[in-house]
Amino acid sequence: ERERDRERRRERDKDRRRERDKDRKKDRDRDRDRHRGERRDERRDERHATRDTDASATPRLPSARALFAFENEQIQFDEGDTITEVECLEGDWWLGTCNGRRGHFAKGYAELIAAADAVADMHRG
């Protein structure tokens with residue numbers, strides 16, 4: 001009877017070790033998959049960042065065409081320039097980028113244009 005008890009304990013211990021090993025393997029696999037997912041997300045973000053900086057890409061924010069020349073400490077543009085990444089703010093001010101500078105400008109100095117027009121303007125120079 002003692003021998004049977006010892007044998008049962010050994011089997012029980014083996015089963016516990018097997019279960020523990022299975023759990024460890026699951027944890028390793030989950031961590032590996034999580035790491036792969038993070039790497040995949042990083043690669044996707046890099047691809048999107050590259051695509052966003054591509055000059056031929058359609059701007060995400062609307063663009064505007066300058067109706068008049070404007071200059072302040074933040075931004076400067078001439079009549080006919082294309083202002084990209086335009087954000088309409090409260091009041092009479094917009095925020096946009098032109099000639100590599102981003103800043104606020106009075107909305108009366110520009111008019112919003114369609115994305116296709118903005119891309120054509122950028123290609124014209």
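The largest nonpolar core has 11 residues, namely Ala-64, Ala-66, Phe-70, Ile-75, Phe-77, Ile-83, Val-86, Trp-94, Cys-98, Phe-105 and Ala-110. A nonpolar core is a set of buried Ala, Val, Leu, Ile, Met, Phe, Trp, Tyr and Cys residues joined through side-chain atoms within 4.5 Å. Buried means under 20% relative accessible area, exposed means over 50%, and partly exposed lies in between (1.4 Å probe, protein chains only). Strand 1, strand 4 (82-88) and strand 5 (93-98) are the elements that give two or more residues to this core.

The model is predicted: local features need pLDDT of at least 70 and side-chain atom pairs count only at pLDDT 80 or more, while totals for chains, interfaces and linings use all residues. Residues are numbered from 1 along each chain as its sequence is written, and side-chain values use heavy atoms, with hydrogens and water left out.

The chain has two helices and seven strands; along the sequence they follow the pattern α-β-β-β-β-β-β-β-α. Helices (H or I, at least four residues) and strands (E, at least two) are DSSP runs, numbered from the N terminus. Of the 125 residues in the chain, 21% are buried.

Leaving aside neighbours within four places in sequence, Ile-83 is in contact (heavy atoms within 4.5 Å) with Pro-62, Ser-63, Ala-64, Ala-66, Phe-77, Gly-96, Thr-97, Cys-98, Phe-105 and Ala-110. For the chain, among contacts between residues at least 6 apart in sequence, 41% join residues at least 24 apart.

Aromatic rings are the next topic. A pair of aromatic rings is described by the distance of the centres and the angle of the planes. Rings of Phe, Tyr and Trp (its six-membered ring) pair if their centres lie within 6.5 Å; planes under 30 degrees apart count as stacked, over 60 as edge-to-face and the rest as tilted. A search of the whole structure finds five aromatic pairs. In one of them, Phe-68 and Tyr-109 are edge-to-face, at 6.0 Å centre to centre with 80° between the planes. This pair links distant parts of the chain, 41 residues apart: Phe-68 lies in the loop between strand 1 (63-66) and strand 2 (70-71), and Tyr-109 in the loop between strand 6 (101-106) and strand 7 (110-113). Phe-68 is partly exposed because its relative accessible area is 46%, and Tyr-109 is likewise partly exposed, at 31%.

Tyr-109 also pairs with Phe-70; the ring centres are 4.9 Å apart and the planes stand at 65°, so this pair is edge-to-face. It too links distant parts of the chain, with Phe-70 in strand 2 and Tyr-109 39 residues away. Phe-70 counts as buried because its relative accessibility is 12%. Ring pairs join Phe-68, Phe-70, Phe-77, Trp-94, Phe-105 and Tyr-109 into a cluster.

Finally, consider the backbone. Most residues other than glycine have a negative phi, and most peptide bonds are trans. Glu-85, in strand 4, has a positive phi of about 55° although it is not a glycine. At 38% relative accessibility, Glu-85 is partly exposed. Asn-99, in the loop between strand 5 and strand 6, has a positive phi near 55°. Asn-99 counts as exposed because its relative accessibility is 54%.
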